[in-house]
Amino acid sequence: MVFEGLSEKLQQTMKKLRGAGRVTEKDVKAMMREIKLALLEADVNFKVVKQFIESVSERAVGTDVLESLTPGQQVVKIVHEELISLMGSVPAKITFSSKPPTVYMMVGLQGAGKTTFTGKLASYLRKEGKKPLMTACDVYRPAAIQQLQVLGKQLDIPVFAMGDKQSPVDIAKAAIKHASLNQNDVVLIDTAGRLHIDDDLMNELENIKNAVGPQEILLVVDSMTGQDAVNVAKSFNEKLSIDGIILTKLDGDTRGGAALSTKAVTGKPIKFIGIGEKLNELEVFYPDRMASRILGMGDVLSLIEKAQQSFDEKKAIELEKKMRTMQFTLDDFLEQMQQLKKMGPLNQIMGMIPGMDNKMLKDMDVDEKKMAHTEAIIQSMTKKERVNPSILNASRRKRIAAGSGTSIQEINQLLKQFEQLKKMMKTMTSMGKKGRKSLGKFGLPF
Amino acid sequence: MGFFEKLKNGLKKTRAEITDKIDKILVSMGKIDEELFEELEEVLISADLGVETTMEIVEELRRKVKENKVTQAVDVKELLKDQLANILGDEKGELSFSTTPSVIVVVGVNGVGKTTSIGKISYLLKQMGKKVVIAAGDTFRAAAIEQVEVWANRAGVDIIKHSEGADPSAVIFDAIQAAKSRKADVLICDTAGRLHTKKNLMEELKKIYRVIKRELPEADMETLLVLDATTGQNAVTQAKVFSEAAAVTGLVLTKLDGTAKGGIVIAIKSELNVPVKLVGVGEQLDDLQWFDSKEFIEALF
């Protein structure tokens with residue numbers, strides 16, 4: 001794939017920039033072209049890219065290079081940080097009106113996923129203890145009203161509809177009245193998809209807004225949108241002054257540059273992301289995760305950062321000592337695994353390990369479930385067994401299998417892997433000073 | 001309104017975006033220098049052609065400028081036009097219907113406009129005197145069957161449907177039998193929107209194909225991948241993965257009446273050699289047109 005090529009190029013450029021001290025103008029220039037391409041390939045709007053690159057370059061030149069990083073890595077670190085701050089460092093929360101019902105209005109282009117999102121948001125709000133009412137204001141698309149009604153039935157959440165002969169403004173107004181009578185404290189208005197250049201339909205949205213005074217207008221954007229995302233977001237924001245952005249269909253493999261583009265032109269936060277067709281698959285937006293996704297590269301820096309956060313230096317030294325003296329037990333193994341899990345999804349972490357490029361990752365299927373099984377197995381062992389697995393006879397193994405809900409085969413496999421790991425450690429620790437040093441830093445026996 | 005005007009209308013924004021910018025650049029520059037190529041690069045990228053395709057085009061443009069000893073910036077436009085025409089080829093959008101029935105399967109990710117396109121294709125074929133049967137194969141999304149039914153009624157063609165949640169292959173099977181017994185010319189199969197990353201859904205698509213191949217082994221078959229013109233680089237991956245599961249024979253480019261430029265089809269043609277067959281330029285029943293690469297580019301400039 002194109003993007004993997006870019007990611008590799010970025011890593012290559014990064015490798016070339018060795019040396020310590022300060023980030024020079026030359027370092028920055030060498031990196032910026034690659035980063036520009038990476039962002040463009042991720043569908044970030046080219047104007048946004050240009051501005052972004054300019055501001056990052058300015059910040060990067062002359063910064064001190066942190067210990068243990070190359071200038072190239074330092075630049076990428078800055079880019080990553082800037083991306084996060086641009087997308088709004090902390091997740092934005094949805095707000096409620098002090099005077100119920102709180103009204104939310106969903107707007108966007110055709111096919112962005114407004115109706116599905118309306119269902120997801122209603123379900124999310126109900127979990128928060130609200131009593132939502134969904135309102136079908138898409139009187140144009142065939143069967144759009146039925147679609148919302150079906151979702152309402154699936155979720156057991158009421159849907160207010162008046163057919164497709166009434167004006168959306170009247171339907172919205174009637175829905176608010178209906179909500180007040182029926183103690184619904186949240187009203188979600190699903191509007192028809194429309195082009196941002198369709199003046200009549202854009203005016204209609206404005207009329208709905210004026211009629212019902214929504215707490216928040218949420219612009220639903222397909223995460224696969226390309227360069228045009230800025231035009232769409234800008235038009236909707238200028239006309240309606242939106243309050244937040246929803247990114248849908250992020251369960252695909254798009255880089256989602258639209259996130260950055262829409263945020264940059266509107267200044268409005270991204271509030272939720274949609275990741276699937278099941279009605280509970282709605283997630284709060286995390287700017288840092290999105291930044292990594294847009295950059296799309298295995299980046300060593302977050303690994304270092306994350307490792308530093310999650311690994312206790314003292315524990316790492318202790319572990320190293322244990323490894324050297326071959327006292328590494330299943331308990332340590334479990335602890336390592338849990339620390340690793342703290343750092344985030346395994347696939348992501350593997351992608352950050354230096355030397356692991358995307359090609360290698362593709363062949364390697366990291367199975368989180370298997371890790372859970374391993375955890376369960378070790379937790380089903382007695383303290384004695386964890387320290388000395390050699391006492392595990394057939395009946396003990398049987399007990400553990402029953403206790404962990406796994407099979408004896410899985411236990412055998414785990415024990416075999418553990419033995420291999422111990423052997424590997426022996427060779428690694430005898431590799432000399434260099435090997436030890438890097439182990440001390442990462443403390444990753446995997 | 002003929003195709004040309006309609007497309008031109010639909011592409012007015014596109015044209016304004018691309019060519020105004022190009023014209024501005026060319027006029028303001030006058031001479032050809034590195035900055036000119038860089039600006040052209042940006043214009044093509046902002047039309048969603050993608051980095052790789054853009055680089056290739058600009059590289060080739062550089063070579064041609066040198067080769068033809070072009071000195072004026074305005075002449076570069078003609079060269080660029082030629083080059084885009086080269087990539088898109090001079091083929092006109094058409095579908096093959098030599099067998100009775102012939103089959104069209106319509107696939108794509110969620111929300112690109114598959115069902116709407118099916119309504120418009122049915123109408124288009126009916127105008128050509130074909131007898132059409134639609135298979136309501138999207139049994140997954142809420143009210144998708146009702147939606148395609150409305151379009152079938154508007155176009156005045158037959159529809160075969162099951163209830164929501166039914167096996168789409170079973171719907172297709174029944175529709176094939178109906179198309180045979182009713183002596184339909186074309187069977188159009190709707191499918192549920194699916195992200196190309198969902199493995200089991202792509203398997204479901206393969207099953208639909210097995211049913212069609214088994215029941216109609218001799219039939220002409222077109223697989224149309226519907227692409228939203230606003231889609232960015234992910235469209236290339238979509239085209240790739242759908243082609244693996246379903247042998248895509250052509251693209252339907254929808255929502256070209258917005259400000260999106262749909263330049264991604266040039267990248268797709270250049271990388272995967274999948275041609276555009278139809279373009280959607282509005283919400284009316286007759287707002288679907290045969291794609292004509294010559295006119296497409298002509299309307300672009």
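**Entry 1**

I started with D331(A), which is partly exposed, with a relative accessible area of 25%. I keep in mind that this is a predicted model. R386(A) is buried, at a relative accessible area of 14%. The cut-off explains the two labels, because buried means under 20%. I then looked at how the two side chains meet: D331(A) and R386(A) form a salt bridge, 3.0 Å from N to O. D331(A) sits in helix α14 (residues 330-342) of chain A, and R386(A) sits in helix α18 (residues 383-387). The pair links distant parts of the chain, 55 residues apart.

**Entry 1. A second pair in chain A**

I went on to D222(A) and K249(A). Their side chains also meet in a salt bridge, with 2.8 Å from N to O. D222(A) belongs to strand β5 (residues 216-222) of chain A. K249(A) belongs to the loop between β6 (244-248) and α10 (258-266) of chain A. I noted a separation of 27 residues for this pair. Are these two residues buried or exposed? I found D222(A) buried, and K249(A) buried as well.

I turned to chain B for another salt bridge. E34(B) pairs with R62(B), and the closest N and O atoms are 2.4 Å apart. E34(B) is in helix α3 of chain B and R62(B) is in helix α4, so the pair ties together parts 28 residues apart in sequence. E34(B) is partly exposed at 43% relative accessible area. R62(B) is partly exposed at 22%. Next I looked for bridges that share partners. In chain A, such salt bridges join R59(A), E81(A) and E82(A) into one network. I also searched the whole structure, and that search gave 27 salt bridges over all chains.

**Entry 2. Where the chains meet**

I wanted to know how chain B touches chain A. I counted 44 residues of chain B in contact with 36 residues of chain A. The area buried between them is about 3,400 Å². Carbon and sulfur atoms give 57% of that area. How many salt bridges lie between chain B and chain A? The count is 2. I looked up one of them: K198(B) bridges to D251(A), with the closest N and O atoms 2.6 Å apart.

Which helices of chain B supply at least two residues each to the side that touches chain A? I listed α3 (34-46), α4 (51-67), α7 (144-155) and α10 (234-246). The largest share, 5 residues, comes from α7(B). By kind, the residues on this side divide into 11 nonpolar, 17 polar and 16 charged.

**Entry 3. Chain B as a whole**

I stepped back to chain B. I counted 12 helices and 8 strands in it. Chain B has 301 residues, and 61% of them count as buried. I looked at contacts in chain B between residues at least 6 apart in sequence. Of these, 75% join residues at least 24 apart. Chain B exposes about 11,600 Å², and carbon and sulfur atoms supply 48% of it.

T54(B) is in helix α4 of chain B. T54(B) counts as buried, at 0% relative accessibility. What does T54(B) touch, leaving aside its neighbours within four places in sequence? I found E41(B), L44(B), I45(B) and L49(B) in contact with T54(B).

**Entry 4. Backbone notes**

I looked up cis peptide bonds. One joins P100(A) and P101(A), with omega about 0°. P101(A) is in the loop between α4 (71-86) and β1 (102-107) of chain A. Another cis bond joins T100(B) and P101(B), with omega about -5°. P101(B) lies in the loop between α5 (73-88) and β1 (102-107) of chain B.

I also noted positive phi values in residues other than glycine. Phi of A143(A) is near 65°. A143(A) is in the loop between β2 (132-137) and α6 (144-155) of chain A. A143(A) is buried, with a relative accessible area of 8%. Phi of K69(B) is near 50°. I placed K69(B) in the loop between α4 and α5 of chain B. K69(B) is exposed, with a relative accessible area of 69%.

Key
Residues are numbered from 1 along each chain as its sequence is written. Chains are lettered from A and ligands numbered from 1 in the order in which they are written. This is a predicted model: local features need pLDDT of at least 70, side-chain atom pairs count only at pLDDT 80 or more; totals for chains, interfaces and linings use all residues. Side-chain values use heavy atoms; hydrogens and water are left out. Contact means heavy atoms within 4.5 Å. Buried area is the accessible area (1.4 Å probe) that two parts lose on being put together, summed over both. A salt bridge is a side-chain nitrogen of Lys or Arg within 4 Å of a carboxyl oxygen of Asp or Glu. Helices (H or I, at least four residues) and strands (E, at least two) are DSSP runs, numbered from the N terminus. Ala, Val, Leu, Ile, Met, Phe, Trp, Tyr, Cys and Pro count as nonpolar, Asp, Glu, Lys and Arg as charged, and the others, Gly among them, as polar. Buried means under 20% relative accessible area, exposed over 50%, partly exposed in between (1.4 Å probe, protein chains only). Accessible areas come from the Shrake-Rupley method with a 1.4 Å probe; for residues, only the protein chains shown count as cover.
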